[in-house]
There are 4 protein chains.
Amino acid sequence: MEFNEHKPIYLQIADNLCDKILSEEWKPEDRIPSVRELGMLLGVNPNTIMRAYDYLQSYGIIFNKRGVGYFISKEAKEIIISVQKQQFIQEELPKILKRMKLLGINPSELLKNNLDN
Amino acid sequence: MEFNEHKPIYLQIADNLCDKILSEEWKPEDRIPSVRELGMLLGVNPNTIMRAYDYLQSYGIIFNKRGVGYFISKEAKEIIISVQKQQFIQEELPKILKRMKLLGINPSELLKNNLDN
Amino acid sequence: MEFNEHKPIYLQIADNLCDKILSEEWKPEDRIPSVRELGMLLGVNPNTIMRAYDYLQSYGIIFNKRGVGYFISKEAKEIIISVQKQQFIQEELPKILKRMKLLGINPSELLKNNLDN
Amino acid sequence: MEFNEHKPIYLQIADNLCDKILSEEWKPEDRIPSVRELGMLLGVNPNTIMRAYDYLQSYGIIFNKRGVGYFISKEAKEIIISVQKQQFIQEELPKILKRMKLLGINPSELLKNNLDN
DNA sequence: GTGGTCTAGACCACC
DNA sequence: GTGGTCTAGACCACA
(Lines give C-alpha, C1' and ligand atoms only; values in the text may rest on other atoms or scores of the structure.)
Protein backbone atom coordinates (compact mmCIF):
# COMPACT_ATOMS: atom_id res chain seq x y z
CA MET A 1 0.00 0.00 0.00
CA GLU A 2 1.31 3.38 -0.96
CA PHE A 3 0.45 6.53 0.84
CA ASN A 4 -0.66 9.85 -0.50
CA GLU A 5 1.52 12.73 0.49
CA HIS A 6 -0.86 15.11 2.13
CA LYS A 7 -3.54 13.00 3.73
CA PRO A 8 -2.82 11.47 7.13
CA ILE A 9 -1.75 7.86 6.87
CA TYR A 10 -4.21 6.73 9.47
CA LEU A 11 -7.11 8.11 7.46
CA GLN A 12 -5.85 6.48 4.31
CA ILE A 13 -5.71 3.17 6.13
CA ALA A 14 -9.23 3.69 7.43
CA ASP A 15 -10.50 4.61 3.97
CA ASN A 16 -8.81 1.59 2.52
CA LEU A 17 -10.55 -0.66 4.99
CA CYS A 18 -13.87 0.98 4.18
CA ASP A 19 -13.31 0.30 0.51
CA LYS A 20 -12.66 -3.34 1.30
CA ILE A 21 -15.86 -3.51 3.28
CA LEU A 22 -17.83 -1.88 0.48
CA SER A 23 -16.41 -4.32 -2.03
CA GLU A 24 -17.10 -7.14 0.43
CA GLU A 25 -13.53 -8.26 0.65
CA TRP A 26 -14.17 -7.93 4.37
CA LYS A 27 -17.51 -9.14 5.68
CA PRO A 28 -19.38 -8.70 8.98
CA GLU A 29 -17.87 -10.63 11.89
CA ASP A 30 -14.55 -11.02 10.08
CA ARG A 31 -11.59 -10.39 12.27
CA ILE A 32 -9.29 -7.79 10.82
CA PRO A 33 -5.52 -7.92 11.36
CA SER A 34 -4.17 -6.96 14.76
CA VAL A 35 -2.57 -3.56 15.06
CA ARG A 36 0.83 -5.16 15.17
CA GLU A 37 0.27 -7.42 12.19
CA LEU A 38 -1.08 -4.70 9.98
CA GLY A 39 1.63 -2.36 11.18
CA MET A 40 4.29 -4.84 10.07
CA LEU A 41 2.51 -5.50 6.82
CA LEU A 42 2.23 -1.85 5.86
CA GLY A 43 5.55 -0.79 7.31
CA VAL A 44 3.77 1.55 9.66
CA ASN A 45 3.88 2.06 13.40
CA PRO A 46 1.21 0.09 15.32
CA ASN A 47 0.10 3.31 16.97
CA THR A 48 -0.87 4.65 13.58
CA ILE A 49 -2.95 1.56 12.86
CA MET A 50 -4.49 1.94 16.28
CA ARG A 51 -5.55 5.40 15.38
CA ALA A 52 -7.21 4.20 12.21
CA TYR A 53 -9.07 1.50 14.12
CA ASP A 54 -10.10 3.99 16.77
CA TYR A 55 -11.51 6.20 14.09
CA LEU A 56 -13.49 3.40 12.50
CA GLN A 57 -14.73 2.18 15.84
CA SER A 58 -16.04 5.62 16.67
CA TYR A 59 -18.34 5.24 13.66
CA GLY A 60 -19.43 1.76 14.68
CA ILE A 61 -17.82 0.26 11.58
CA ILE A 62 -15.60 -2.07 13.54
CA PHE A 63 -15.73 -3.24 17.14
CA ASN A 64 -13.36 -4.72 19.63
CA LYS A 65 -13.45 -7.98 21.52
CA ARG A 66 -11.13 -7.41 24.39
CA GLY A 67 -7.98 -9.43 24.27
CA VAL A 68 -9.05 -10.91 20.96
CA GLY A 69 -9.02 -8.30 18.26
CA TYR A 70 -11.09 -6.04 16.04
CA PHE A 71 -14.03 -7.24 13.99
CA ILE A 72 -16.21 -5.88 11.22
CA SER A 73 -19.60 -4.89 12.61
CA LYS A 74 -22.83 -6.15 11.16
CA GLU A 75 -23.93 -2.74 10.00
CA ALA A 76 -20.52 -1.70 8.71
CA LYS A 77 -21.48 -1.42 5.09
CA GLU A 78 -24.67 0.51 5.67
CA ILE A 79 -22.89 2.91 7.98
CA ILE A 80 -20.16 3.62 5.49
CA ILE A 81 -22.56 4.14 2.65
CA SER A 82 -24.91 6.34 4.58
CA VAL A 83 -22.13 8.51 5.95
CA GLN A 84 -20.26 8.86 2.70
CA LYS A 85 -23.27 9.13 0.45
CA GLN A 86 -24.80 11.90 2.44
CA GLN A 87 -21.53 13.75 2.63
CA PHE A 88 -20.93 13.31 -1.06
CA ILE A 89 -24.33 14.43 -2.23
CA GLN A 90 -24.87 17.26 0.21
CA GLU A 91 -21.39 18.71 0.44
CA GLU A 92 -19.13 17.66 -2.36
CA LEU A 93 -21.43 17.35 -5.30
CA PRO A 94 -22.67 20.96 -5.25
CA LYS A 95 -19.10 22.18 -5.13
CA ILE A 96 -18.10 19.95 -7.99
CA LEU A 97 -20.97 21.06 -10.17
CA LYS A 98 -20.43 24.69 -9.36
CA ARG A 99 -16.80 24.35 -10.22
CA MET A 100 -17.49 22.61 -13.50
CA LYS A 101 -19.86 25.37 -14.41
CA LEU A 102 -17.27 28.03 -13.65
CA LEU A 103 -14.68 26.15 -15.65
CA GLY A 104 -17.05 25.75 -18.56
CA ILE A 105 -17.13 21.97 -18.41
CA ASN A 106 -20.37 20.42 -19.55
CA PRO A 107 -21.30 17.53 -17.26
CA SER A 108 -23.40 15.65 -19.79
CA GLU A 109 -20.74 15.64 -22.47
CA LEU A 110 -18.13 14.58 -19.99
CA LEU A 111 -20.07 11.54 -18.99
CA LYS A 112 -20.24 10.16 -22.48
CA ASN A 113 -16.49 9.81 -22.46
CA ASN A 114 -16.11 8.54 -18.95
CA LEU A 115 -18.93 6.16 -18.28
CA ASP A 116 -17.03 3.26 -19.79
CA ASN A 117 -14.47 3.22 -16.97
CA MET B 1 -16.76 32.63 5.20
CA GLU B 2 -16.47 29.19 6.69
CA PHE B 3 -13.40 27.11 6.34
CA ASN B 4 -13.06 23.50 5.46
CA GLU B 5 -11.51 21.27 8.07
CA HIS B 6 -8.54 19.85 6.27
CA LYS B 7 -7.60 22.30 3.56
CA PRO B 8 -5.24 25.15 4.37
CA ILE B 9 -7.09 28.36 4.94
CA TYR B 10 -4.90 30.34 2.60
CA LEU B 11 -5.76 27.99 -0.25
CA GLN B 12 -9.44 28.27 0.50
CA ILE B 13 -9.16 32.02 0.36
CA ALA B 14 -7.28 31.83 -2.91
CA ASP B 15 -9.88 29.47 -4.35
CA ASN B 16 -12.61 31.79 -3.28
CA LEU B 17 -10.98 34.68 -5.09
CA CYS B 18 -10.56 32.54 -8.19
CA ASP B 19 -14.24 31.72 -8.12
CA LYS B 20 -15.05 35.41 -8.00
CA ILE B 21 -12.81 36.04 -10.96
CA LEU B 22 -14.38 33.23 -12.95
CA SER B 23 -17.85 34.51 -12.18
CA GLU B 24 -16.63 38.00 -13.09
CA GLU B 25 -17.51 39.44 -9.74
CA TRP B 26 -13.89 40.62 -9.93
CA LYS B 27 -12.65 41.89 -13.29
CA PRO B 28 -9.22 42.66 -14.71
CA GLU B 29 -7.61 45.76 -13.21
CA ASP B 30 -9.97 45.71 -10.23
CA ARG B 31 -8.24 46.35 -6.95
CA ILE B 32 -8.85 43.62 -4.42
CA PRO B 33 -9.00 44.29 -0.68
CA SER B 34 -5.79 44.94 1.18
CA VAL B 35 -4.30 42.18 3.24
CA ARG B 36 -5.41 43.89 6.43
CA GLU B 37 -8.93 44.64 5.28
CA LEU B 38 -9.58 41.13 4.14
CA GLY B 39 -7.99 39.75 7.27
CA MET B 40 -10.36 41.75 9.42
CA LEU B 41 -13.29 40.82 7.27
CA LEU B 42 -12.63 37.09 7.44
CA GLY B 43 -11.39 37.03 11.02
CA VAL B 44 -8.09 35.67 9.84
CA ASN B 45 -4.49 36.58 10.43
CA PRO B 46 -3.21 39.02 7.76
CA ASN B 47 -0.23 36.72 7.22
CA THR B 48 -2.66 34.11 5.99
CA ILE B 49 -4.16 36.52 3.48
CA MET B 50 -0.67 37.47 2.42
CA ARG B 51 0.08 33.86 1.73
CA ALA B 52 -3.01 33.52 -0.42
CA TYR B 53 -2.09 36.62 -2.41
CA ASP B 54 1.47 35.39 -2.83
CA TYR B 55 0.15 32.16 -4.13
CA LEU B 56 -2.12 33.83 -6.66
CA GLN B 57 0.60 36.21 -7.72
CA SER B 58 2.95 33.32 -8.41
CA TYR B 59 0.46 32.14 -11.02
CA GLY B 60 0.10 35.60 -12.51
CA ILE B 61 -3.52 35.84 -11.48
CA ILE B 62 -3.07 38.99 -9.46
CA PHE B 63 -0.27 41.52 -9.39
CA ASN B 64 0.99 44.10 -6.95
CA LYS B 65 1.50 47.84 -7.33
CA ARG B 66 3.87 48.81 -4.58
CA GLY B 67 2.27 51.04 -2.03
CA VAL B 68 -1.08 50.81 -3.75
CA GLY B 69 -2.44 47.30 -3.53
CA TYR B 70 -3.19 44.10 -5.39
CA PHE B 71 -5.01 43.99 -8.70
CA ILE B 72 -6.56 41.38 -10.94
CA SER B 73 -4.39 40.70 -13.97
CA LYS B 74 -5.72 40.84 -17.50
CA GLU B 75 -5.19 37.13 -18.15
CA ALA B 76 -6.48 36.02 -14.76
CA LYS B 77 -9.48 34.17 -16.00
CA GLU B 78 -7.69 32.25 -18.73
CA ILE B 79 -4.91 31.25 -16.38
CA ILE B 80 -7.32 29.92 -13.80
CA ILE B 81 -9.32 27.99 -16.32
CA SER B 82 -6.36 26.41 -18.00
CA VAL B 83 -4.78 25.34 -14.74
CA GLN B 84 -7.90 24.09 -13.04
CA LYS B 85 -9.54 22.50 -16.04
CA GLN B 86 -6.79 20.05 -16.79
CA GLN B 87 -6.25 19.27 -13.14
CA PHE B 88 -9.92 18.64 -12.70
CA ILE B 89 -10.31 16.34 -15.66
CA GLN B 90 -7.13 14.39 -15.26
CA GLU B 91 -6.89 14.02 -11.50
CA GLU B 92 -10.13 14.66 -9.73
CA LEU B 93 -12.74 13.37 -12.07
CA PRO B 94 -11.53 9.76 -12.12
CA LYS B 95 -11.52 9.67 -8.33
CA ILE B 96 -15.00 11.12 -8.17
CA LEU B 97 -16.41 8.60 -10.60
CA LYS B 98 -14.74 5.70 -8.84
CA ARG B 99 -16.16 6.84 -5.57
CA MET B 100 -19.66 7.25 -6.94
CA LYS B 101 -19.45 3.72 -8.26
CA LEU B 102 -18.49 2.34 -4.85
CA LEU B 103 -21.30 4.27 -3.22
CA GLY B 104 -23.79 3.06 -5.77
CA ILE B 105 -24.58 6.49 -7.15
CA ASN B 106 -25.50 6.58 -10.81
CA PRO B 107 -23.92 9.61 -12.48
CA SER B 108 -26.46 9.91 -15.30
CA GLU B 109 -29.46 9.82 -13.00
CA LEU B 110 -27.87 12.31 -10.71
CA LEU B 111 -27.42 14.81 -13.47
CA LYS B 112 -31.07 14.88 -14.35
CA ASN B 113 -31.84 16.26 -10.95
CA ASN B 114 -28.94 18.63 -10.73
CA LEU B 115 -28.56 20.24 -14.08
CA ASP B 116 -31.02 22.96 -13.20
CA ASN B 117 -28.70 24.51 -10.61
CA MET C 1 -24.49 -10.63 29.87
CA GLU C 2 -23.13 -7.38 28.58
CA PHE C 3 -19.86 -5.97 29.70
CA ASN C 4 -18.99 -2.51 30.73
CA GLU C 5 -16.43 -0.73 28.62
CA HIS C 6 -13.73 0.06 31.09
CA LYS C 7 -13.98 -2.49 33.87
CA PRO C 8 -12.17 -5.81 33.54
CA ILE C 9 -14.50 -8.55 32.48
CA TYR C 10 -13.39 -10.90 35.22
CA LEU C 11 -14.35 -8.34 37.85
CA GLN C 12 -17.72 -7.84 36.28
CA ILE C 13 -18.30 -11.56 36.38
CA ALA C 14 -17.22 -11.69 39.99
CA ASP C 15 -19.51 -8.79 40.85
CA ASN C 16 -22.35 -10.49 39.13
CA LEU C 17 -21.84 -13.60 41.19
CA CYS C 18 -21.70 -11.54 44.36
CA ASP C 19 -25.00 -9.95 43.45
CA LYS C 20 -26.52 -13.37 43.05
CA ILE C 21 -25.22 -14.39 46.45
CA LEU C 22 -26.56 -11.26 48.08
CA SER C 23 -29.94 -11.79 46.51
CA GLU C 24 -29.76 -15.42 47.59
CA GLU C 25 -30.12 -16.74 44.10
CA TRP C 26 -27.01 -18.66 45.09
CA LYS C 27 -26.88 -20.08 48.62
CA PRO C 28 -24.09 -21.54 50.76
CA GLU C 29 -22.90 -24.98 49.59
CA ASP C 30 -24.43 -24.47 46.14
CA ARG C 31 -22.18 -25.57 43.35
CA ILE C 32 -21.58 -22.83 40.80
CA PRO C 33 -21.03 -23.54 37.10
CA SER C 34 -17.69 -24.93 36.01
CA VAL C 35 -15.20 -22.62 34.42
CA ARG C 36 -15.88 -24.11 31.01
CA GLU C 37 -19.63 -24.06 31.30
CA LEU C 38 -19.79 -20.46 32.36
CA GLY C 39 -17.23 -19.53 29.70
CA MET C 40 -19.44 -21.02 27.01
CA LEU C 41 -22.53 -19.45 28.47
CA LEU C 42 -21.06 -15.95 28.55
CA GLY C 43 -19.04 -16.24 25.36
CA VAL C 44 -15.90 -15.57 27.30
CA ASN C 45 -12.52 -17.27 27.52
CA PRO C 46 -12.44 -19.85 30.36
CA ASN C 47 -9.25 -18.23 31.64
CA THR C 48 -11.27 -15.13 32.31
CA ILE C 49 -13.80 -17.09 34.37
CA MET C 50 -10.94 -18.75 36.19
CA ARG C 51 -9.61 -15.38 37.11
CA ALA C 52 -12.96 -14.33 38.51
CA TYR C 53 -13.21 -17.51 40.58
CA ASP C 54 -9.66 -17.06 41.83
CA TYR C 55 -10.52 -13.58 42.89
CA LEU C 56 -13.62 -14.66 44.79
CA GLN C 57 -11.78 -17.55 46.37
CA SER C 58 -9.08 -15.22 47.66
CA TYR C 59 -11.80 -13.46 49.66
CA GLY C 60 -13.23 -16.75 50.95
CA ILE C 61 -16.48 -16.19 49.10
CA ILE C 62 -16.26 -19.41 47.14
CA PHE C 63 -14.11 -22.50 47.66
CA ASN C 64 -12.91 -25.35 45.52
CA LYS C 65 -13.31 -29.10 45.92
CA ARG C 66 -10.64 -30.62 43.76
CA GLY C 67 -12.04 -32.51 40.83
CA VAL C 68 -15.55 -31.52 41.76
CA GLY C 69 -16.07 -27.83 41.31
CA TYR C 70 -16.54 -24.49 43.02
CA PHE C 71 -19.00 -23.90 45.83
CA ILE C 72 -20.43 -20.96 47.70
CA SER C 73 -18.93 -20.70 51.18
CA LYS C 74 -21.04 -20.44 54.31
CA GLU C 75 -19.88 -16.94 55.16
CA ALA C 76 -20.08 -15.67 51.58
CA LYS C 77 -22.83 -13.16 52.16
CA GLU C 78 -21.33 -11.62 55.28
CA ILE C 79 -17.94 -11.29 53.65
CA ILE C 80 -19.35 -9.54 50.62
CA ILE C 81 -21.41 -7.16 52.67
CA SER C 82 -18.63 -6.23 55.03
CA VAL C 83 -16.15 -5.62 52.24
CA GLN C 84 -18.45 -3.76 49.91
CA LYS C 85 -20.35 -1.77 52.47
CA GLN C 86 -17.38 0.02 53.92
CA GLN C 87 -15.86 0.60 50.51
CA PHE C 88 -19.11 1.99 49.25
CA ILE C 89 -19.66 4.39 52.08
CA GLN C 90 -16.12 5.60 52.50
CA GLU C 91 -14.93 5.80 48.93
CA GLU C 92 -17.72 5.85 46.43
CA LEU C 93 -20.47 7.75 48.13
CA PRO C 94 -18.55 11.00 48.57
CA LYS C 95 -17.64 10.99 44.89
CA ILE C 96 -21.20 10.33 43.89
CA LEU C 97 -22.55 13.17 46.00
CA LYS C 98 -19.94 15.58 44.77
CA ARG C 99 -20.77 14.71 41.21
CA MET C 100 -24.48 15.13 41.72
CA LYS C 101 -23.84 18.54 43.14
CA LEU C 102 -21.81 19.59 40.10
CA LEU C 103 -24.53 18.30 37.80
CA GLY C 104 -27.21 20.07 39.73
CA ILE C 105 -29.02 16.94 40.80
CA ASN C 106 -30.76 17.14 44.12
CA PRO C 107 -30.33 13.90 46.05
CA SER C 108 -33.45 14.21 48.18
CA GLU C 109 -35.74 14.90 45.25
CA LEU C 110 -34.24 12.08 43.30
CA LEU C 111 -35.02 9.59 46.03
CA LYS C 112 -38.70 10.34 46.05
CA ASN C 113 -38.91 9.07 42.49
CA ASN C 114 -36.60 6.14 42.88
CA LEU C 115 -37.34 4.53 46.19
CA ASP C 116 -40.01 2.36 44.69
CA ASN C 117 -37.52 0.30 42.69
CA MET D 1 -2.62 17.70 39.65
CA GLU D 2 -2.32 14.12 40.80
CA PHE D 3 -3.42 11.20 38.76
CA ASN D 4 -5.52 8.26 39.72
CA GLU D 5 -3.85 4.94 39.17
CA HIS D 6 -6.28 3.09 36.98
CA LYS D 7 -7.97 5.70 34.87
CA PRO D 8 -6.19 6.95 31.76
CA ILE D 9 -4.44 10.24 32.36
CA TYR D 10 -5.94 11.85 29.28
CA LEU D 11 -9.45 11.18 30.55
CA GLN D 12 -8.61 12.57 33.95
CA ILE D 13 -7.33 15.70 32.30
CA ALA D 14 -10.49 15.94 30.21
CA ASP D 15 -12.68 15.42 33.27
CA ASN D 16 -10.74 18.02 35.14
CA LEU D 17 -11.34 20.53 32.40
CA CYS D 18 -15.03 19.68 32.38
CA ASP D 19 -15.19 20.32 36.10
CA LYS D 20 -13.60 23.69 35.57
CA ILE D 21 -16.15 24.50 32.91
CA LEU D 22 -19.01 23.43 35.15
CA SER D 23 -17.69 25.57 37.98
CA GLU D 24 -17.17 28.41 35.50
CA GLU D 25 -13.50 28.71 36.14
CA TRP D 26 -13.32 28.43 32.35
CA LYS D 27 -15.92 30.31 30.33
CA PRO D 28 -17.04 30.22 26.70
CA GLU D 29 -14.51 31.68 24.26
CA ASP D 30 -11.71 31.39 26.80
CA ARG D 31 -8.52 30.06 25.32
CA ILE D 32 -7.24 27.06 27.19
CA PRO D 33 -3.52 26.35 27.53
CA SER D 34 -1.67 25.03 24.50
CA VAL D 35 -0.85 21.35 24.49
CA ARG D 36 2.75 22.15 25.21
CA GLU D 37 2.05 24.56 28.01
CA LEU D 38 -0.32 22.26 29.80
CA GLY D 39 2.01 19.35 29.20
CA MET D 40 4.82 21.21 30.94
CA LEU D 41 2.54 22.33 33.72
CA LEU D 42 1.26 18.85 34.50
CA GLY D 43 4.49 17.06 33.80
CA VAL D 44 2.82 15.11 31.05
CA ASN D 45 3.66 14.50 27.43
CA PRO D 46 2.01 16.94 25.00
CA ASN D 47 0.61 14.00 23.07
CA THR D 48 -1.38 13.02 26.10
CA ILE D 49 -2.83 16.50 26.41
CA MET D 50 -3.59 16.39 22.73
CA ARG D 51 -5.57 13.26 23.26
CA ALA D 52 -7.59 14.87 26.02
CA TYR D 53 -8.32 17.87 23.80
CA ASP D 54 -9.25 15.61 20.91
CA TYR D 55 -11.68 13.83 23.14
CA LEU D 56 -13.31 17.03 24.32
CA GLN D 57 -13.46 18.42 20.82
CA SER D 58 -15.28 15.32 19.63
CA TYR D 59 -18.06 16.27 22.02
CA GLY D 60 -18.08 19.87 20.89
CA ILE D 61 -16.94 21.07 24.30
CA ILE D 62 -13.86 22.81 22.96
CA PHE D 63 -12.92 23.86 19.47
CA ASN D 64 -9.79 24.73 17.63
CA LYS D 65 -8.72 27.88 15.84
CA ARG D 66 -5.98 26.75 13.57
CA GLY D 67 -2.58 28.04 14.45
CA VAL D 68 -4.02 29.79 17.46
CA GLY D 69 -5.19 27.29 20.03
CA TYR D 70 -8.16 25.63 21.67
CA PHE D 71 -11.15 27.49 23.03
CA ILE D 72 -14.15 26.71 25.18
CA SER D 73 -17.25 26.45 23.03
CA LYS D 74 -20.38 28.43 23.73
CA GLU D 75 -22.44 25.36 24.53
CA ALA D 76 -19.72 23.64 26.54
CA LYS D 77 -21.53 23.67 29.83
CA GLU D 78 -24.83 22.46 28.48
CA ILE D 79 -23.15 19.67 26.57
CA ILE D 80 -21.28 18.45 29.61
CA ILE D 81 -24.31 18.54 31.81
CA SER D 82 -26.59 16.86 29.34
CA VAL D 83 -24.11 14.11 28.59
CA GLN D 84 -23.16 13.43 32.16
CA LYS D 85 -26.59 13.88 33.64
CA GLN D 86 -28.19 11.45 31.29
CA GLN D 87 -25.44 8.92 31.80
CA PHE D 88 -25.66 9.32 35.54
CA ILE D 89 -29.38 8.98 35.84
CA GLN D 90 -29.93 6.29 33.28
CA GLU D 91 -26.91 4.11 33.83
CA GLU D 92 -25.19 4.71 37.09
CA LEU D 93 -27.99 5.58 39.43
CA PRO D 94 -29.94 2.34 38.98
CA LYS D 95 -26.78 0.36 39.68
CA ILE D 96 -26.04 2.38 42.75
CA LEU D 97 -29.49 1.99 44.15
CA LYS D 98 -29.58 -1.69 43.41
CA ARG D 99 -26.26 -2.13 45.10
CA MET D 100 -27.32 -0.18 48.17
CA LYS D 101 -30.38 -2.35 48.44
CA LEU D 102 -28.33 -5.53 48.21
CA LEU D 103 -25.93 -4.22 50.82
CA GLY D 104 -28.75 -3.24 53.10
CA ILE D 105 -27.98 0.45 53.04
CA ASN D 106 -30.97 2.72 53.43
CA PRO D 107 -30.70 5.68 51.06
CA SER D 108 -32.88 8.03 53.08
CA GLU D 109 -30.98 7.54 56.31
CA LEU D 110 -27.71 7.95 54.55
CA LEU D 111 -28.64 11.32 53.20
CA LYS D 112 -29.33 12.79 56.58
CA ASN D 113 -25.69 12.35 57.45
CA ASN D 114 -24.26 13.41 54.15
CA LEU D 115 -26.21 16.33 52.90
CA ASP D 116 -24.14 18.80 54.87
CA ASN D 117 -21.05 18.21 52.72
C1' DG E 1 3.99 30.37 18.02
C1' DT E 2 0.12 26.72 17.20
C1' DG E 3 -1.71 21.93 16.46
C1' DG E 4 -1.18 17.35 13.84
C1' DT E 5 1.04 13.27 12.58
C1' DC E 6 4.25 9.75 13.06
C1' DT E 7 7.90 6.71 14.96
C1' DA E 8 10.19 3.80 18.23
C1' DG E 9 9.86 1.78 22.12
C1' DA E 10 8.16 0.89 26.61
C1' DC E 11 4.88 -0.97 30.08
C1' DC E 12 0.50 -2.66 31.44
C1' DA E 13 -3.81 -5.15 32.03
C1' DC E 14 -6.45 -8.41 30.11
C1' DC E 15 -7.92 -12.68 27.44
C1' DG F 1 -1.46 -13.29 22.18
C1' DT F 2 -4.56 -8.87 22.19
C1' DG F 3 -5.40 -3.75 22.65
C1' DG F 4 -4.47 0.66 25.45
C1' DT F 5 -1.73 4.18 27.28
C1' DC F 6 2.21 6.88 27.64
C1' DT F 7 6.78 8.96 26.68
C1' DA F 8 10.36 11.24 24.09
C1' DG F 9 11.38 13.16 20.30
C1' DA F 10 10.99 14.29 15.55
C1' DC F 11 9.08 16.76 11.50
C1' DC F 12 5.64 19.38 9.18
C1' DA F 13 2.23 22.72 7.68
C1' DC F 14 -0.08 26.50 9.06
C1' DA F 15 -1.15 31.22 11.34
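1. Between chain C and chain D, two residue pairs are in polar contact, both at pLDDT 80 or more. A polar contact is a pair of N or O atoms within 3.5 Å; within protein, one must be able to donate a hydrogen and the other to accept it, and residues adjacent in sequence count only if both atoms are side-chain atoms.

2. This is a predicted model: local features need pLDDT of at least 70, side-chain atom pairs count only at pLDDT 80 or more, and totals for chains, interfaces and linings use all residues. Residues are numbered from 1 along each chain as its sequence is written, chains are lettered from A in the order in which they are written, and side-chain values use heavy atoms, without hydrogens and water.

3. Three salt bridges also join chain C and chain D. A salt bridge puts a side-chain nitrogen of Lys or Arg within 4 Å of a carboxyl oxygen of Asp or Glu. One pairs Arg99(C) with Glu92(D), at 3.0 Å from N to O.

4. The contact (heavy atoms within 4.5 Å) takes 29 residues from chain C and 28 residues from chain D. Phe88(C), Arg99(C) and Leu103(C) supply 23% of the area that chain C buries against chain D, more than any other three residues. Buried area is the accessible area (1.4 Å probe) that two parts lose on being put together, summed over both. For chain C and chain D that is about 2500 Å². Carbon and sulfur atoms give 69% of that area.

5. A search of the whole structure finds 16 aromatic pairs over all chains. Rings of Phe, Tyr and Trp (its six-membered ring) pair if their centres lie within 6.5 Å; planes under 30 degrees apart count as stacked, over 60 as edge-to-face and the rest as tilted.
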